[in-house]
Amino acid sequence: MIRKLVRFLDRRTGTAPLLRKTLRYLFPDHWSFLLGEVALYSFVILVATGIYLTLFYENSTATVVYHGPYVPLQGQEMTQAYRSVLDISTTVKAGLLIRQTHHWAADIFIAAIVLHLIRIFFTGAYRKPRELTYWIGLTILLVSLLEGYLGYSLADDLLSGMGLAIGYGVAVSIPFFGANLAALIWDGPFPGKHDFFSRMYVAHVFLIPALIGALLVLHLALVALRHHTQFRETRRQTERKVVGIPTFPGQTPRSLGLFFAVAGVLFLLGGLVQINPIWLWGPYHTYISTNGAQPDWYLGWLIGALRLVPGFDLTIGHYTLVANPFWGGAALPSLVFIFLYLWPWLERRFGGDSAYHNLLDRPRDAPMRTAIGMTTLTWVFLPFVAGSSDRIYVTFGLPYIPQIWAFRVLAVVAPPLAGLIAFWVCRELQAGERVERRRKRAEEEAELA
Amino acid sequence: MRRLLVTGLLALALPAAAAAAGDQQLGYRLFGQYCVACHGVAGSGIAPARVIGTGPQRVPRQQLGLAPSLQGVGALAADFYLRTGYMPLQHVGLQPRRKPVIFDEPQLEGLIAYVASLGRGPKVPKPHPERGSLSEGMQLFTDHCAGCHQVVGEGGYVTGALPPPLKDATSTQIAEAIRIGPYVMPRFSTKALSPSQVNSIVRYVRYAKSPDDRGGWAIGHVGPIPEGLVAWFLGMTALVACCIAIGRRFRRG
């Protein structure tokens, strides 16, 4: 059947060579290569559910009085945006299922990208000739964080508004041009005018998804052009020889299976586990707030960093040079992303290895990289946990202030320590393998003698 | 015959009234045992009386003395602090937290009656949540309470205190807490929140204990933290397991 299909297409387009190449493309079959696919399929679900939601979402900050079926909100003033999300959650057919699936898919999408990035980093898959692929992947992660934040904000519930207030605070804190930048984006001081919501909306439903889509195509095209990397697992796998399974009949059913698994998990979560119950949060007004407001998990490290940075402002006379939220909200993510972007170059420059690499390292094969990766990961992970310190207090009774101090100390001490431990573990593993190899050789020699 | 009936009814009613008022003698004895060390003889208070009450100086200065005067706090405050287990406190300066009540019902009534007898003070309120409006209650709660107690009453953290989750609060205790303002909570007078508004708030808080949980398993009503845990530990774990099942594990050759 495939042959017939190819012949049909070839007679009309002359693309048989390309199709044959595609069908014979060899995929590495190690499971960790599937993490990126999980992200890809989550994105597919995001687009599909997102389209359904745009059919019902009203992007308007005009105020209305609610008279719908949800009793605790009846008679309350709210924006049309919030009311439409409320309607999606209460009266629209399958609205809540789709909304929840969309939100879960966003959480899973970024989680899968992060795991994928961790795999790429620790195995050295970003090395020459694949830096472009890596940079595009990083950019996808970066804009996805923004995309998720915008989606969280568009619902215009209590958490949305508080999240935007924090975002505004961070934007204003950027030295020199922060205030102007914030005024430009928000179309005036917080909470902004109607144009601001239009901007968020057009960015969330069109600009950023289109950008992510385009970057994804580029990312995948580059992967295919330079071919996947592979682990050195058998003697047959070398820098020049690819071992794997072909697109068809090998990889296609696996990928399809994985797609159904992703869709299944996401829709199960969407149908069975409540996420962002905006009807419970109520609408946002600038004069109200709720305790324990949090961003979605992928921005948790920023809220944690805002908490951990001690309270100080850099001022010259009466002029505030750098306001406090800058450090946790803007400097930390900038530093982490700049480091990630520069890393392939840094490693080439200081590691002195500018060769082509088609074979992956195991983390233990490159102790220095593993150590630096663990340091960075710990440095991001600690503020991430600190972002939940208030709920940790409420749930487990660990007092808040000592927690914050413990996290501050850990944020300085733990990352280098984690790096050192990782380095030592890698060296020990290498040594263990050397011993093992020597023992094997000795045994073989003994057998020969 | 009619006279006889009235006398009979009175005879029945009198002991009942006495029981509701509580045995002040028993209360007096218990006060001596559990309360007098901090609250002073006849609840005179060991802290200077003027630092008690709302106001910006209240929190830091309240800790200077041992305990406030109980003269004039009325049955309302005694009922709240004793029935929540907030009092007796292990040591001064702690935030009172909900604990198992160590007194039995006659002892509680005795203590409340005794404290109420120390001065003219408010009675135990009788809120009527069924007369309140859920929608007004949610609005008032979001305006006045959610900043500390979280919008679904799940509690949280504020500087120096832990606004408790409201899952265990009874209707009466909610109404009492609004009037007292325990620990760092502000106090709301009947001018700030009328009894009918209190009814609405009580109704909302009771609703929030088991709110409309459309959408499936409610993972705590606190939003992104449990959601992140589910995303990673359920969703992502399941999908990584799928990857491992579909893909191949390491082999050395």
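**Ground rules.** I am working with a predicted model, where local features need pLDDT of at least 70, side-chain atom pairs count only at pLDDT 80 or more, and totals for chains, interfaces and linings use all residues. Residues are numbered from 1 along each chain as its sequence is written, chains are lettered from A and ligands numbered from 1 in the order in which they are written, and side-chain values use heavy atoms, with hydrogens and water left out.

**Cores.** I looked up the nonpolar cores, meaning sets of buried Ala, Val, Leu, Ile, Met, Phe, Trp, Tyr and Cys residues joined through side-chain atoms within 4.5 Å. Buried is under 20% relative accessible area, exposed is over 50%, and partly exposed is in between (1.4 Å probe, protein chains only). The largest core has 123 residues, and Phe109(A) and Tyr134(A) touch the most other members. Helix H5 (residues 95-123) of chain A gives the most to this core, 14 residues. I take helices (H or I, at least four residues) and strands (E, at least two) as DSSP runs, numbered from the N terminus.

I then listed the partners of Phe109(A), skipping neighbours within four places in sequence; they include Ala39(A), Phe43(A), Leu46(A), Ile140(A) and Ile212(A). Contact here means heavy atoms within 4.5 Å. A second, separate core has 15 residues, among them Leu26(B), Cys35(B), Phe103(B) and Val115(B).

**Salt bridges.** I counted a salt bridge when a side-chain nitrogen of Lys or Arg is within 4 Å of a carboxyl oxygen of Asp or Glu.

Asp365(A) pairs with Arg362(A), with the closest N and O atoms 3.3 Å apart. Asp365(A) is partly exposed at 31% relative accessibility. Arg362(A) is buried at 13%.

Next I checked Arg364(A), which bridges to Glu433(A) at 2.6 Å between the closest N and O atoms. This pair links distant parts of the chain, 69 residues apart: Arg364(A) sits in the loop between strand S8 (359-360) and helix H14 (367-386) of chain A, and Glu433(A) in helix H16 (residues 400-448) of chain A. Arg364(A) is partly exposed at 23%, and Glu433(A) is partly exposed at 21%.

Arg83(B) is in helix H5 (residues 74-83) of chain B and Glu105(B) in helix H6 (residues 105-116) of chain B, so the bridge ties together parts 22 residues apart in sequence. I also noted one network, in which salt bridges with shared partners join Arg127(A), Glu347(A), Asp361(A) and Arg369(A).
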